Structure formats: structure tokens, C-alpha cells
Amino acid sequence: MIVLGIILLIVGFVFGIPILWTIGIVVLVIGLILMLLGSTGRAVGGRRHYY
């Protein structure tokens, strides 16, 4: 999710599409939250790691 968020941010910035920029930020934040919860040992959705 983190990689997808970064890709969407770059594409939205290069092509000037604000909706891709917004979706990229949202996906990136969700990916970072899931990574943080997984790295603390807390299982989220039955999984310990999100890669």
C-alpha cells in the first residue's frame, strides 16, 4: 500500500490530477498505519505483517 500511495502521488503530481494526489495521500497514510501496527506486534485483520 505504501508503494501504491507513492506511485499515485507521483502520477498525480506529474500529470496535475488532484484526485490522484488525494487518493495517494490516503493510501500512503493507511499503509503507514498498518505497517506501524504490524511492527508493534499487534495483529490487524488476522495478519501480523503487511508487505
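Student: How do you know how many of the contacts join residues at least 24 apart?
Tutor: A contact means heavy atoms within 4.5 Å. Among contacts between residues at least 6 apart in sequence, 24% join residues at least 24 apart. Before going on, note that this is a predicted model, where local features need pLDDT of at least 70 and side-chain atom pairs count only at pLDDT 80 or more, while totals for chains, interfaces and linings use all residues. Residues are numbered from 1 along each chain as its sequence is written, and side-chain values use heavy atoms, with hydrogens and water left out.

Student: What makes up the secondary structure, in helices and strands?
Tutor: The protein has 2 helices and 0 strands. Both kinds are DSSP runs numbered from the N terminus: helices are H or I with at least four residues, strands E with at least two.

Student: Why is the pair of Phe13 and Trp21 called tilted?
Tutor: The structure holds 1 aromatic pair. The ring centres of Phe13 and Trp21 are 6.1 Å apart and their planes lie at 45 degrees, so the pair is tilted. The rule is that rings of Phe, Tyr and Trp (its six-membered ring) pair if their centres lie within 6.5 Å; planes under 30 degrees apart are stacked, over 60 edge-to-face, and the rest tilted.

Student: Is Phe13 buried, partly exposed or exposed, and what about Trp21?
Tutor: Buried means under 20% relative accessible area, exposed over 50%, and partly exposed in between (1.4 Å probe, protein chains only). Phe13 has 65%, so Phe13 is exposed; Trp21 has 38%, so Trp21 is partly exposed.

Student: Why are Ile17 and Ile25 given the label they have?
Tutor: Ile17, in the loop between helix 1 and helix 2, has a relative accessible area of 34%, so Ile17 is partly exposed. Ile25, in helix 2, has 37%, so Ile25 is partly exposed too. Ile25 and Leu9 are 16 residues apart in sequence, with their C-alpha atoms 6.8 Å apart in space.

Student: What makes a nonpolar patch on the surface, and which helix supplies the largest share?
Tutor: A patch takes residues with over 30% relative accessible area and no salt bridge, joining nonpolar side chains (Val, Leu, Ile, Met, Phe, Trp, Tyr) within 5 Å and like charges within 9 Å. A salt bridge is a side-chain nitrogen of Lys or Arg within 4 Å of a carboxyl oxygen of Asp or Glu. The members here include Phe13, Ile17, Trp21 and Ile25. Helix 2 (18–39) and helix 1 (2–15) each supply at least two residues, and the largest share, 6 residues, comes from helix 2.

Methods: Accessible areas come from the Shrake-Rupley method with a 1.4 Å probe; for residues, only the protein chains shown count as cover.
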